[in-house]
Amino acid sequence: MASLEANPIIPNRTIVEEVPGWLILYSDGTVERSGPPEAGPLLNPVAPYDEPRNGITVHDLTTDPPIRVYLPEGTTSPGQRLPILLHFHGGGFCLSHPSWLLYHDFYAKLATTLKVAAVLSPVYPLAPEHRLPAAIDSVFSALLWLRSVGTGEVKQMPVVERLRETIDFSRVFLIGDSAGGNLVHEVCARAGSVGPGLLHPVRVAGGILLNPGFARSKRSRSELENPESPFLNLEMIDKLLTLAVPAGATKDHPYVCPMGKDAPAMEGLKMPPLLLVVGDKDLLRDPQLEYYEAMKKAGKEVELLMSHDMSHIFYLNKFAVEGDPVTGERTKELVQKIKMFVESDQ
């Protein structure tokens, strides 16, 4: 089962760290992942399917890294090429899988609402077994794989051929939620540092950071004042991010705090246009806004969408999106803003 993992009872091992309801790290290095009852249905994996459902087919490619592909039906005419979204999932770098229902419903909706060739979501290695930069290296490899699709180096198969024929490789947009937003920042920066030659014909046209998992060791005002939720609480912020960064590092590490003193100067980064989405009830609101101000000060092109009265990754909770009018409206606003951002690069 892709979503939840359990280990048998093994004698003579102790618990090293625990994130209640989500993760237990044992002294022998094994990790047990679960999920709180409130989130349970959203963590169920959605199997791939070849027959269209609501205008989408879903495919899992056994690439390196493995990639989930959302293909919209009937979006292109012969010879037409469209942009693509490369999605990085969240989970504090320690949890989650692209097959989960919460991702499926939102990114299937994006694939049909936006005029894109596809949405791709790589499966990257999780911490603490694979601490950062393992996830960064993995999702950057997915970008290099996409380049290989464009150059014709990838083995012929129907899904890959469809991608090769319909993608505008000069309009690749990176999108990530929570910790996936951190990955968007890192991959955008890495793509800018290697230059266009290595990635050709791929061009990173933009980065979309949805409630990124930026933080500092010192508590922000939003962490102290905003409400916790089953998907994000203070203990999760502290423990998951500490388990994810290189051993011995803190939440001030550049992978978590790219606007901090230890991070590369933002002025020197070659970044594409960015869209930053912030929920004003998100525990991580203030570090996200600090990132926005730092990018603006560095002269980078960054847009801000503030989702009023919304908490962390609100748009991924399909039950709230469908059952609460305010959450549903804010999600519509978010999808429309992403659509406008993608369409602005013509």
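**Pro48.** I started at Pro48, which is found in the loop between β3 and β4 (49-53). The model is a predicted one, and I read every entry below with that in mind. I looked up how open Pro48 is: its relative accessible area is 42%, so I logged Pro48 as partly exposed, since that class lies between the 20% and 50% cut-offs. Leaving out residues up to four places away in sequence, I found Pro48 touching Val58, His59, Asp60 and Arg68. Val58 sits ten residues from Pro48 along the chain, and I noted 4.8 Å between their C-alpha atoms.

**The open sheet.** I next traced the three strands that form an open sheet, in the order β1-β2-β3 with antiparallel pairing. Its edge strands are β1 (15-19) and β3 (31-33), each of which pairs on one side only. From one strand to the next I have an average twist of 10°. Between β1 and β2 (residues 23-26) I found four bridges, with the two strands running antiparallel. For Glu18 I wrote down Ile24 in β2 as the bridge partner. Helix α7 (residues 234-244) packs on this sheet and touches β1 and β2. I noted about 130° between the direction of α7 and that of β1.

**β7 and its partners.** I then checked strand β7 (residues 82-88) for burial. Seven of its seven residues are buried, so I describe β7 as largely enclosed by the rest of the structure. I found β7 paired in the parallel sense with β9 (residues 167-177) over six bridges, and Phe88 stands opposite Gly176 in β9. To β8 (residues 118-122), β7 is joined by three bridges, and this pair also runs parallel. There I have Val119 in β8 as the bridge partner of Leu85.

**Record check.** I looked up UniProt, where an unreviewed entry lists residues 85-315 as "domain: Alpha/beta hydrolase fold-3". In the model I have that span as 39% helix and 17% strand, with its end C-alpha atoms 17 Å apart.

**Nonpolar core.** I went to the largest nonpolar core, which has 119 residues. Leu143 and Ile338 have the most contacts inside it. The largest share, nine residues, comes from helix α2 (residues 134-151). I listed the contacts of Ile338 beyond four places in sequence: Phe106, Leu110, Leu114, Ile175, Ile208, Leu210 and Leu275.

**Backbone exceptions.** Most residues other than glycine have a negative phi, and most peptide bonds are trans. I therefore logged the departures from this pattern. The bond from Ala127 to Pro128 is cis, with omega near 5°, and I placed Pro128 in the loop between β8 and α2. The bond from His200 to Pro201 is also cis, with omega near 10°. Pro201 is found in the loop between α5 (196-199) and β10 (204-210).

For positive phi I noted Phe93, near 70°, in the loop between β7 and α1. Phe93 is buried, with a relative accessible area of 2%. I also noted Ile313, where phi is about 45° although the residue is not a glycine. Ile313 lies in the loop between β12 (302-307) and α9 (318-323). At 11% relative accessibility I count Ile313 as buried, because the cut-off is under 20%.

Conventions. Residues numbered from 1 in each chain as written. Predicted model: local features only at pLDDT ≥ 70, side-chain atom pairs only at ≥ 80, totals over all residues. Heavy atoms only, no water. Pairing = 2+ DSSP bridges. Axes fitted to C-alpha atoms, helices over the stretch in contact; angles between N-to-C directions. Contact = heavy atoms within 4.5 Å. UniProt positions renumbered as here; feature names shortened; annotations may be inferred. Buried < 20%, exposed > 50% of the residue type's maximum accessible area, 1.4 Å probe, protein only. Core = buried A, V, L, I, M, F, W, Y, C linked by side-chain atoms within 4.5 Å.
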